[in-house]
Amino acid sequence: MSLLDPRPDAPRTGRFRWYRKHPLAIDAVLAGAAFACILFGAVADPHGPHGPRFAAHEPSAITVVLAALACAALVLRRRLPRTVLAATGSLTIIELVARSSDPRAPVAASAVIALYSLASRTDRPTTWRVGALTVVGLTAAAMLYGPRPWYAQENIGIFAWTGMAAAAGDAVRSRRAFVSAIRERAERAERTREEEARRRVAEERMRIARELHDVVAHHIALVNVQAGVASHVMDNRPDQAKEALAHVREASRSALEELRATVGLLRQSDDPKAPTEPAPGLGVLDQLVDGFVRAGIPVDLDIPREPRPLPASVDLTAYRVVQEALTNVHKHAGEGARATVRISHSDTALTVTVLDDGAGRAGIPRQKGGDRPPVEPGGPGEPEDSGGGHGLIGMRERVFALRGTVVTGPRAAGGFQVRVTLPLQTVRTGETS
């Protein structure tokens, strides 16, 4: 790259950093160098009888004044490129006309530098228009008032140098735009990667939070009711108290195992202590139901005799839906309430329904929103705060992540219902893509 304009993408070290901080000083140095070159060209004779000869001519006062004015204007070539080009072009034409019969100084060099500066800082149409006007004007003045014949080397030289200056400036401008576009795309891609990473982290945190809630809410509810039973019958029926404490121990052990497995998701991939057990699914639904039966919640389980293989995400979500729904039955309908779990599926969807008759001895009211008519979350009829604690919220988030639907609300015959529909075809397509 030329000394006139170092590349904008050059390393900002050493002279490039100093260059960016002091552009006016660089332009002043450039103007001084151009003035020295013009004076050197004014006193040199490239066509002497014995070859080029220095100090063959003595520069006149008008040559020095015109050269000084033209080079002084170059100091402002960045701030006022069009004005500087007009000034240097006019001074060049004056020098060509005033010194038509004497050896001329190459004041046109200042116009060449100004034209390059303009072309490198403006758009292409402007470069073509202004460049063509400058080339034609200076070349015409040289051919009309310069040495004969009109196609002499000095006259053609002005045409060539001004044309090359416009082309070089346009090329520098194009390269700057290209580098700037590449840098902008790289920065945009970096921002996109960072946003995607943050989004994935947030989704993972939400998923782990749902897992922790499901595990803790289910098992702690069982521990609570069994501990209450043990405390109530400890004095009169110690055998039944021991049985209740055994259920407490089993439920707490299961909770610790699931908590260990869930927290293990936060381990590093190369940690040998990371869990390798599969996530729970409908295949172990009978164990889940058995835990609630022992806690005093009779559960009728209606599942297909020949279960079909399900995608892992659908299997886990269906299990967690049943777990959360039965936990809510225990918390809000109370001991003695009867629950029904129905699992049905078609070629395109899996439907999970959990019902209770509301006949238990519950001292805790139904969760917020339980006495509202059933609506599909996300639908046009759902209020902004459509109910549920963190359990129902987590259930909805799980189902919506698989593009399913959730319907919750009281039953006409009494009790409460939870019905979830999970699409199968969309999940399979997403998992295999």
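**Entry 1: the model**
I am working from a predicted model, and I kept that in mind throughout.

**Entry 2: salt bridges**
I began with the charged pairs. Side chains of opposite charge can pair when their charged atoms come close. I looked up the total, and the count comes to ten salt bridges.

I went to arginine 78 first. Its partner is aspartate 27, and the closest N and O atoms of this salt bridge are 2.8 Å apart. Arginine 78 sits in the loop between helix H3 (61–73) and H4, while aspartate 27 belongs to helix H2 (residues 23–43), so the pair ties together parts that are 51 residues apart in sequence. Is aspartate 27 buried or exposed? I found a relative accessibility of 1%, so aspartate 27 counts as buried.

Next I looked up aspartate 170, which meets arginine 124 in a salt bridge at 3.0 Å, N to O. Here helix H7 supplies aspartate 170 and helix H6 supplies arginine 124, so the pair ties together parts that are 46 residues apart in sequence. The two partners fall into separate classes: aspartate 170 is buried, with a relative accessible area of 13%, whereas arginine 124 is partly exposed at 39%.

My last pair was arginine 193 with glutamate 190, where the closest N and O atoms are 2.4 Å apart. Both residues lie in helix H7, three residues apart, which is about one turn of the helix. For glutamate 190 I noted a relative accessible area of 36%, so it is partly exposed.

**Entry 3: alanine 165**
I stayed in helix H7 (residues 153–233), where alanine 165 is found. Alanine 165 has 7% relative accessibility; buried means under 20%, so this residue counts as buried. What does alanine 165 touch, leaving aside residues up to four places away in sequence? I found Val112, Leu115 and Tyr116.

**Entry 4: a nonpolar patch**
I finished on the surface. Ile93, Val97, Leu144 and Tyr145 form a nonpolar patch there, with about 350 Å² of accessible area together. Helix H4 (81–98) and helix H6 (124–145) are the elements that give two or more residues to the patch. I picked out isoleucine 93, which is found in helix H4. Its relative accessible area is 34%, so isoleucine 93 is partly exposed.

Terms used: Residues numbered from 1 in each chain as written. Predicted model: local features only at pLDDT ≥ 70, side-chain atom pairs only at ≥ 80, totals over all residues. Heavy atoms only, no water. Patch = residues over 30% accessible without salt bridge, like charges linked within 9 Å, V, L, I, M, F, W, Y side chains within 5 Å. Areas by Shrake-Rupley, 256 points an atom, 1.4 Å probe, with all protein chains shown as cover. Salt bridge = Lys/Arg side-chain N within 4 Å of Asp/Glu carboxyl O. Helix = DSSP H or I, 4+ residues; strand = E, 2+ residues; numbered from the N terminus. Buried < 20%, exposed > 50% of the residue type's maximum accessible area, 1.4 Å probe, protein only. Contact = heavy atoms within 4.5 Å.
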